[in-house]
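Please examine the sequence and the structure shown here before reading on.

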Amino acid sequence: MKQQTTTIRKSFLLIGIVLISGLFIFASKLEFPGNWIARFNPNYFPAQIDFAGERVPLQIADVQERLDRELLVNKHLNASTLLILKRARRAFAIIEPILKKNGIPDDFKYVAVIESGLVNVVSPAGAKGIWQFMPDTAKEIGLEVNENIDERYHLEKATEAACAYFLKAKEKFGNWTLVAASYNAGGTGIKKQLDIQKVSNYYDLLLNDETSRYVFRILALKQIMEHPEQYGFPITEEEQYKIVATKKITIDSSVTDLASLALQQGINYKILKIHNPWLRTTKMVNPMNKKYQLEIPLEGY
């Protein structure tokens, strides 16, 4: 029995040595970006953070805890957060210059991030596109929305529309944090709560769960996307989705068959719709001969 026990112990020891050796061999083959291991800290919490230059009062206990919650949630949504990091270069290349041109702080690009994950999604309530406009709101701010064309899916035009909303809300509220909150709850809803609660600051408001978390979700994604290695996302430039070069062609008449138009441009129907998602059917009805610009990729198809 003693000899059998000794044999078993030796077997377990041998298996352990093999397993540990395998781990070292595997680890030696992994290639991490420079300084990633040193910078990675899963429990990292920023000493200070701001939104659009407006400092977040982390000295307030519930404010600190609400930010901590969103950081924890988003850094553990591994696939979702990683996909956002991969998409960001392509989407931000369009969004950032439009924000700058309109005098909107760059941090508002993170509103688009939490609204849609930087893809054209449809909410249960019917909001669509990266900026998640409802149909009536979209029409009010100048976007075309009908069965053939839905410019909520046109990133450039939808971003311009979002900027128009932000500027109008800034006139009403006077600070950017309340502007961001109003994008979720509506300007009327935020103003009503400010009056009822007799405060002037988002961080002093008691709001419904969604709006209470809204700005903190923006802050969390901003923090993670600006410091991805710190939160365990050592994404390299090669892993980010590429910006596909395109040319623009102008269409000022109806198109009865978009598939034929695509073939004339050297691409197919799928590629045409990927780059022009605002075209919602197989044709383009244009009785008023309005001018539209279509994006035609020069590569990557």
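## Aromatic pairs and their cluster

Rings of Phe, Tyr and Trp, the last represented by its six-membered ring, form a pair if their centres lie within 6.5 Å. The model discussed here is predicted. By this rule the count comes to 15 aromatic pairs. One aromatic cluster is formed by F51, F108, W131, F133, Y165, F166, W176 and Y183.

A pair of aromatic rings is described by the distance of the centres and the angle of the planes. F108 and F166 form a tilted pair, at 4.5 Å centre to centre and with 45 degrees between the planes. This pair links distant parts of the chain, since F108 is in the loop between α4 and α5 and F166 is in helix α7, 58 residues apart. F108 counts as buried because its relative accessibility is 0%; F166 is also buried, with a relative accessible area of 0%. The rings of W131 and F166 have centres 5.8 Å apart and planes at 65 degrees, so this pair is edge-to-face. W131 lies in the loop between β4 and α6, and F166 in helix α7, so the pair ties together parts that are 35 residues apart in sequence.

## Charges over rings

Two aromatic rings have a charged residue over the face. K170 lies over the face of W176, at 5.0 Å from the ring centre. R280 lies over the face of Y153, at 3.9 Å from the ring centre.

## Overall fold and nonpolar cores

The chain has 12 helices and 6 strands. Of its 301 residues, 40% are buried. The accessible surface comes to about 17100 Å², and 55% of that surface belongs to carbon and sulfur atoms.

The largest nonpolar core has 62 residues, of which F108, L118, W131 and F166 touch the most other members. Several helices each supply at least two residues of this core, including α3, α4, α5 and α7. The largest share, 9 residues, comes from α10. A second, separate core of 17 residues includes Y153, A262, I267 and Y292.

## T211 in helix α10

Where is T211 found? T211 belongs to helix α10, which spans residues 209–226. With a relative accessibility of 2%, T211 counts as buried, because buried means under 20%.

Apart from its neighbours within four places in sequence, T211 is in contact with A181, N184, A185, I190 and Y202. The side chain of T211 makes a polar contact with the side chain of N184, at 2.7 Å. I190 is 21 residues from T211 along the chain, and their C-alpha atoms are separated by 9.4 Å.

Key: Residues numbered from 1 in each chain as written. Predicted model: local features only at pLDDT ≥ 70, side-chain atom pairs only at ≥ 80, totals over all residues. Heavy atoms only, no water. Helix = DSSP H or I, 4+ residues; strand = E, 2+ residues; numbered from the N terminus. Buried < 20%, exposed > 50% of the residue type's maximum accessible area, 1.4 Å probe, protein only. Contact = heavy atoms within 4.5 Å. Polar contact = N/O pair within 3.5 Å; in protein donor to acceptor, adjacent residues only side chain to side chain. Areas by Shrake-Rupley, 256 points an atom, 1.4 Å probe, with all protein chains shown as cover. Core = buried A, V, L, I, M, F, W, Y, C linked by side-chain atoms within 4.5 Å. Phe/Tyr/Trp six-rings, centres within 6.5 Å; stacked < 30°, edge-to-face > 60°. Lys NZ or Arg CZ within 6 Å of the ring centre and 35° of its normal.
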